[in-house]
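I opened a new structure today and kept notes as I went. Here is what I looked up.

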Amino acid sequence: MQVFDSINSLRRDLDAGRAGGAMVGFVPTMGYLHAGHLTLVQRAVAECDLVAVSIFVNPLQFAANEDLASYPRDLDRDLELVAGAGATHVFAPPVHEMYPTEVLTTVRVAELSDPMEGAARPTHFAGVATVVAKLFSIVGPCRAYFGEKDYQQLAVVRRMAADLSMPVEVVGCPTVRESDGLAMSSRNVYLDDAHRAAALVIHRALQSAAAAIIAGERSSARVRELMATIIDAEPSTVIDYVEVADPDTLEPLDELVAGQQVRLLAAAQVGRPRLLDNIAVTVPTGL
Ligand code: AMP
């Protein structure tokens, strides 16, 4: 595995690989890797000839009041993990390599970026879309692997790649969880024991909502209410949103219909971190 900190050297190497017929896989991350990230790398390794992993805590996607300075970092450990997972290239640029001058060009994916995470973090998805566009331009034609854990981000990136005809196939990968259901996240290190236990309520609320839909509930409003009640019952959580949304447009749904694909999403502050989770459910037919 080779580690690159310059745009030109990574680009040259991947271009040479593609010229020799290699399919390039790409996994963008902010580092402090866990088993969730590694499943993306493993899938890329299984499906591609060369696999590049980027490790870059992108300042553009953090607002001034957010945790950019304290975001957890451990490059040596990350390098061991990605080498073990079979990556061939790591791109770990310093900030001045990615942003040598003030950024005047940004990418904004309208509508998909506005609700939920976008409402809570108004500049976040422009920061994400811009750095991912930049990384796609650096890596070149590839398959790029993203986690469903950040479901809205996956939708934003997919739409950006399609709208701008980027030579990238965006691949969504299932959320990896701890054995008790907590979605893995680099920010879980911020949880103390009591908040770690409280955080389970988010996944429990999503599962209860899915179970209610499967048992015949057709009112999205009641499904939202159910999720909110379950999360609110845990005193150390503060709900940001609970949503019952169309999986592609992310628009809130009203009455559910048989056979419909639905995404249930939630975000809540649990002690220090703000945690996100989501699951898919299909409205059953024939009830
Ligand atoms: P991050 O380092 O948090 O920016 O995440 C990098 C990539 O890993 C994103 O595509 C995330 O959606 C994905 N990811 C993070 N956590 C998980 C998880 N628990 N399961 C699957 N993918 C994940």
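This is a predicted model: local features need pLDDT of at least 70, side-chain atom pairs count only at pLDDT 80 or more; totals for chains, interfaces and linings use all residues.

Is R177 buried, partly exposed or exposed? I get 23% relative accessibility for R177, so it counts as partly exposed (buried is under 20% relative accessible area, exposed over 50%, partly exposed in between, with a 1.4 Å probe and protein chains only).

Residues are numbered from 1 along each chain as its sequence is written, and side-chain values use heavy atoms, leaving out hydrogens and water.

Next I checked the partner of R177. R177 forms a salt bridge with D277, with the closest N and O atoms 2.8 Å apart (a side-chain nitrogen of Lys or Arg within 4 Å of a carboxyl oxygen of Asp or Glu). R177 sits in the loop between β6 (168-173) and α8 (193-198) and D277 in strand β9 (residues 274-282), so the pair ties together parts 100 residues apart in sequence. Helices (H or I, at least four residues) and strands (E, at least two) are DSSP runs, numbered from the N terminus. D277 is buried, at 4% relative accessibility.

I then searched the whole structure and found 15 salt bridges. One of them joins R43 to E47, again with 2.8 Å between the closest N and O atoms. Both lie in helix α2 (residues 35-47), four residues apart, about one turn of the helix. R43 is partly exposed at 32%, and E47 is partly exposed at 35%.
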